[in-house]
Each structure stands twice: as C-alpha cells, then as structure tokens.
Amino acid sequence: MISDFGFCLPTRIRFGRGITKEIGEEIRARGLKHPMLVTDKGIISTGLADKVKGYIEDAGFECMMFDGIVPNPRDYDCDKGAAYALEMGADVLIAIGGGGPMDTAKAMATVMTNGKTSREWIDVELDVEAAPVICIPTTCGTGSEVTFNAVINNTATHLKGNIFDPKCAPITAFVDPEMIDGLPGHLIASTGIDALTHALEAYVSTVATPVTDAIAIHAIKLIGENIVSAANDRNPDALDNIMLASMLAGMAFGNADTAAVHCIAECFGGFYDIPHGVTNAMFLADVSEASIPGNPSKYAQAAKALGADTEGMTDEGAAEEGIKVIRRLCADLNIPKLTSFEMINEKDFDYLAQAASEHVCNPSNPVEFTKEQYLEIFGRVMKA
C-alpha cells in the first residue's frame, strides 16, 4: 500500500540552451517593472552578469544590481541586500550564480515583504509571499533554482540555517546549459557531486515519495553517465545532462529532504566557511556506506543507476559496489581531501558532531546517526 504523500513545485521551469535570452519577456509577462540582479563579483568577472543584464535592458527595462554576495551567505549580508533592494524600489530579484546568490536572493525577498531579519525566519513559517525571485543557475549542483528554501549562515551560532517555506520559492527558473560552458572543470566536478548528493539523499530519505524517487533515480543515472565527461572533457551533451540532473535533484530533495551528508556539510560549511559542494563530495561515500543498513534495497538500486555491475548480488553487496563507484568518481574528478583544508581542526569535531546529530535533516537519513557515529565518520574521512 502506498502511503499518503504530496509534491510541491511552485517554480515555473524554462530549460534549454540560450533560454536566458527570454528573461525580459518573462519579466514583462509577470507585470514587473524594476528588476535587480543579485550576483557576486566572481560571476561579474566572467561576464555572465553583464550578459543577462543586456538581455533585460534589450527588453526595455532598467536593470539594477546588488553584488554584495559571498559564498555561504551570512544573515547580515542578506539583510543588507534586502534593505538596498527596498531602497532602490526593486520589484523582482534576478539571482544569477550558484547557491550563494540564489539563496541570498530568496532570503532578501523574504525580508523585503515579511520584515524582521533573515535570521528570524530560519525554521519559521513566513507570514506572506516573498518578493518575486527569478533564478539563473551558473553551476550544476545547487538545485536552488527549484527549491523553496534558502540556506544561510546564522552568525549567532556559526552554523547554517534554513528559511523553508513554499512562499519563498522562485517564480521562474531559467536553466540554461550555456551558463556552465565556461565553468572550470573542478567546479563542474564539485557541484556535480553536490547534485549527486542531493539526488542520492532524496532517494534514500525516510520521507521520500514515489514522485521524488522517480525524479531522483533519473538524476543519479544522468550524473553517473555524464559527470566525468562534463568536468574533464567539456562534452556539450554531458554538460546539458549534468545541468538537467542538477535541476531534477533540486526538485527531488526539495520535497524529500536531504540527509546526513548535508548535516555534516552545513555544519562544516558554516563553521569553517568551506565550499558546500566540496564538503558534500568529501563525505558522500563514507556517510552512504554507513547508511546502507538503513535501506540496502534503495542503495542497491542507486548503485545500478550509477552504472555498477550488480548482477547476482545481494542488496548489501550491490550497495557496496555503488559506494565503490562514488569513490572512483571522486578520484577521477580530483575531489580534494579533508586534510587539504588547513583550517580543519580535530579539536572542533566534538562540537560539530553534536551539531550534526541535532541537525533537522538527521532523522531523514536511513540511519539516524548519533554524535559518536558522526565522530567515527569524521575520523575516517580525515584518514582518507
């Protein structure tokens, strides 16, 4: 018997190479008049922000810009952006970038209409709809363009928190593979494994549904078939497929939740300010291996989707083959080791393990880890 479930996707999706050229028409069709780009200086340096700004201005709009974005966005940066957008009279935010700009824009939009500070809306239902946000991802990992949450650094706790409510969902996502044509291979690698983490965790999540399963398993297959070719060879078809997989993974985890890998990544990212996708990639194999006993059948199916030869194996054996594929992908993609980050200090692990065990996503993992189990995983990854 199938349990009751729901699925929510408030965001309109526009997918295709060059689809971003139509953003001006989207703004006009929505009856909006005062767009503001929300991006970071890195995206500006690539010329992508000016490219999108040009499309908007060619459609007859004046386009403002806020570029006060940093990786792992902090609550006070989001509040500063919201105040600036209100001061300038912006009525739609156009987020262009990775998770930082897109999550910042959603947090800004929340504060613009709901008031207070972004920190005060962490884990709290919004009063009213956030201001309109249109997202244009420039990486192939975050999935933030189709999720209704914004992950921001709570500077009071030095840990990441979530603004989570369909009322802050982007109104439209322009998912354009042209936006990652110039992305360096190491960023395609780390963000692509981030997307794999989203898809795999959504698939094995304790709150997964038939709809999220269907979406997640297809994303896993696309990533397994295309990530190395996309990152190392810049194959255009592979880049298209990884961009699609990233979006699908966002749709899946936005409804099914992430799990223990994200418990770790959000704690490490908030505490050490290291890239989210890289942190997910470093921990994915070890967390998944420790989680197999909670749902060996689904890990076996994921292994098959990743291309592992599982013929004649038990679910447990097949699942282990899937872990080998993940480790091989990370090696082929030159994902860094945890020890390569000089700020990592094992003296912090007790605090981080406790925080991970208390993270809101921990119950969604097939095995709800204790603090001691997180410490064991930290130790294994440090020795890898």
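This is a predicted model: local features need pLDDT of at least 70, side-chain atom pairs count only at pLDDT 80 or more; totals for chains, interfaces and linings use all residues.
Which helices each supply at least two residues of the lining of the largest cavity? Residues are numbered from 1 along each chain as its sequence is written, and side-chain values use heavy atoms, with hydrogens and water left out.

Start with the whole chain. It holds 14 helices and eight strands; these are DSSP runs, H or I over at least four residues for helices and E over at least two for strands, numbered from the N terminus. Its C-alpha atoms fill a box of roughly 60 × 50 × 45 Å along the principal axes. The radius of gyration is 20 Å, which agrees with the value near 21 Å that a compact globule of 384 residues would have. That radius is taken over C-alpha atoms, and the globule rule is 2.2 Å times the number of residues to the power 0.38.

Now look for the sheet. Strands of a sheet pair through backbone hydrogen bonds, either parallel or antiparallel. Here six strands form an open sheet in the order β1-β8-β5-β4-β2-β3, with parallel pairing; two strands count as paired if DSSP finds at least two bridges between them. At the edges stand β1 (12-15) and β3 (64-66), each with a single partner strand, so one side of each has no neighbour in the sheet. Neighbouring strands are turned by 20 degrees against each other on average, direction ignored. One of the pairings joins β5 (residues 133-137) and β8 (residues 172-175) in the parallel sense over two bridges, and Ile-134 has Thr-172 in β8 as its bridge partner.

Helices lie against this sheet. Helix α3 (residues 48-58) lies across β2 (35-38), β3, β4 (92-97) and β5, running at about 170 degrees to β2. Helix α4 (residues 75-88) also packs on the sheet, where it touches β2, β3 and β4 and makes about 165 degrees with the direction of β3. Contact here means heavy atoms within 4.5 Å; axes are lines fitted to C-alpha atoms, for helices over the stretch in contact, and angles run from 0 to 180 degrees between N-to-C directions.

On a 1 Å grid over the protein atoms alone, a cavity is a set of points where a 1.4 Å probe fits but cannot get out, a pocket is an open set with protein on both sides within 12 Å along at least five of seven lines, and lining residues have an atom within 4 Å of a point. Grid points are joined across faces, edges and corners, and a volume is the space filled by probe spheres set on the points.

The whole structure has two cavities of 30 Å³ or more. The largest has a volume of about 40 Å³, and the opening question is answered by α11 (296-305) and α12. Of these, α12 gives the most, with four residues.

Finally, the second largest pocket holds about 250 Å³ of space. Among its 13 lining residues, Met-282, Arg-327, Cys-330, Lys-337 and Ala-384 lie nearest its centre. Helices α10 (276-291) and α12 (315-332) each give two or more residues to this lining, and α10 gives the most, with four.
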